[in-house]
Amino acid sequence: MDQTQTDRLKTLLLAVALAGLIGGLALSFVDRPDLASTVWFAGVAPVLAALVVEILRSLLRGEVGLDIVAALSMTAALTFGETLAAAVVALMYSGGTFLEGFAEGRARAEMRNLLSRVPRTATRHLNGGLEEVPLDDIAPGDLLLIRQGDVLPVDGHVTSAAAFLDTSALTGESLPVRLEHGSDAMSGSTNAGEAFDLTATHEAKDSTYAGIVRLVEEAQWSKAPMARLADRWSLGFLAVTVAIAFAAWWFTGDPIRAVAVLVVATPCPLILAVPVALVAGLSRAAQFGVLVKGAKPLEAMARIHTLILDKTGTLTDGRPQIVSIDTACDMTPDDILRFAAALDQASKHPVAQAIVAAAKARGLTLPVPLDVAETPGEGVIGWIYALQVIVGGDGFVAGQVGKASGDHPELAAGSLMVAVAVDGRLAGHLVMADPLRAGAAAMLMRLRAQGIARILLATGDRMEVAQRITQGLGLDGIHAGLTPDGKVDLVLAERQTGPVMMVGDGVNDAPALAVADVGVAMGARGAAASAEAADVVLLVDRVDRIAPGIEIARRARHIALQSVVVGIGLSVLGMIAAAFGYLSPVQGALFQEFIDVAVILNALRALRISPAGIDTPRASPEGATA
């Protein structure tokens, strides 16, 4: 039975139990107790049958849960004619399982685009023409055409003069990479430049991207599901319940007292309070842009010991930004940026688009460029205000103006320089880098205060770049140059000392997200693979929302535990009162209902959790959280 059918069955059982209880009460009010008892029995029987089937399945898996107490109470109540008590218990139990199912399935439907970047076909050269072929038909040695914006379907060698690839989803490197003729190109990269030819070296199933997909699938299958929080007390509570019920019957000879004990013992404080508190926590976290895929990962978030952060797109913004403008003439920095951005409007290069965005952010007016000619991977030449403007790499621009390259300050690790020439002379340089996200340092301090013992960086970038970016953050370790397999190994190693949360945004992070106790994906701009593999998705492009997410998880779990302790404590007192004859089965059911209402109201306090240091979110006109 799939999840949809299971959810429908739980809804149906709740409806049957509710209808049976209300129908029987109506008949009893019109003085038809015989029909009322029949209706109550009819409402209980399907719930009890489904419960027995679930208990048998659990026992076959080697699991013993508190559902056994609910089955015993309903069976005993029906056996000794206490059908009203059985109907109340059936309603409480079916309502609890419905809420639990809601907690498990919440938000999964919003994450169905698994690995949407995987191309389905490729364009292959054949007899002087082109043909579209399925991925499985590609063989090593085939010559493929990779158009602008295409995702490379297989690993191969660049056959054209050059290629410009966005490898951020694979390597974590935020800046596009220029590959010369004969260079290796990885599947899963995106062509950020002009179309080029690729000679396949592997079949699709043996290529880099397919390997990452397999890692995600294996990691997801290997992660053992978390047992319900309530079941941790199941054996002890079951033993206490049976002992009190048996003692009441043995010493008094009255089986009704045993029925009353079992009815009071029905573990609805455990069955109901936990999912209510955790679902409330899920809803509250979503208001802050933190989508948690169910109650299990929310509970796991509350126990995190180690946090591992990816660099590009997670700890950093993931998009190149201008950090300085060096002038080489009497032009102002804004003038240099205006000329560069005006010309770059004609280019689809990611760096060009970043320059245009920076100019618009400064409120600069950009004229339309004329007679633009672009050399892929090198630069752009065109005319602005009747002046020739050249924008591109330092060597390209220097060669165009007849000047030796290298006339600029030394770049910091991980930086990129764009040269600008106006009217035949060098105007200056734009220095670009992938900056640290705003609020990252404050977020790490808050996480330390919440009890996160270790915070590590895991990146596919170079060590010198990682060290420069994280200087002053006080990380416990920096792991650079990691492949997707290396990130998985790091997560597994850290799990030896405690639960691990992994945060990332690219396809290369997906396997590590899947194998971590809690995987968090930057879903606002991240890859579909990482969002699907993750347990938590940040719907807003702000990594600092991790801290309120963890705080909400911990406080929701505390409220759930509080409800459990109080509810079970009251249930034990009720069982003792029933054993001494102070509560009948119906009175016991009503007393248990009072306990349920109390613990549920307490559990709903999770809806009002307000994380420290962050304003209560307000919905935007589009429905997104602020």
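This is a predicted model: local features need pLDDT of at least 70, side-chain atom pairs count only at pLDDT 80 or more; totals for chains, interfaces and linings use all residues.
Strand S13 covers residues 370-375 and strand S14 covers residues 379-384, and four bridges hold the two in an antiparallel pair.

I turn now to the open sheet. Six strands make up this sheet, and their order is S2-S1-S3-S9-S4-S7, with antiparallel pairing. Which strands stand at the edges? They are S2, residues 129-134, and S7, residues 184-185; each has a single partner strand, so one side of each is left without a neighbour in the sheet. As a general point, side chains in a regular strand alternate between the two faces of the sheet.

Strand S1, residues 121-126, runs antiparallel to S2, and six bridges join them. Among the residues involved, His125 has Leu130 in S2 as its bridge partner.

My last topic is the surface. A nonpolar patch is formed there by Leu573, Ile576, Phe580 and Tyr582, and their accessible area together is about 490 Å². Leu573 belongs to helix H20, which spans residues 546-579. Is Leu573 buried or exposed? Its relative accessible area is 54%, and the cut-off for exposed is over 50%, so Leu573 counts as exposed.

Key
Residues are numbered from 1 along each chain as its sequence is written. Side-chain values use heavy atoms; hydrogens and water are left out. Two strands pair if DSSP finds at least two bridges between them. Patches are made of residues with over 30% relative accessible area and no salt bridge: like charges are joined within 9 Å, nonpolar side chains (Val, Leu, Ile, Met, Phe, Trp, Tyr) within 5 Å. Accessible areas come from the Shrake-Rupley method with a 1.4 Å probe; for residues, only the protein chains shown count as cover. A salt bridge is a side-chain nitrogen of Lys or Arg within 4 Å of a carboxyl oxygen of Asp or Glu. Buried means under 20% relative accessible area, exposed over 50%, partly exposed in between (1.4 Å probe, protein chains only).
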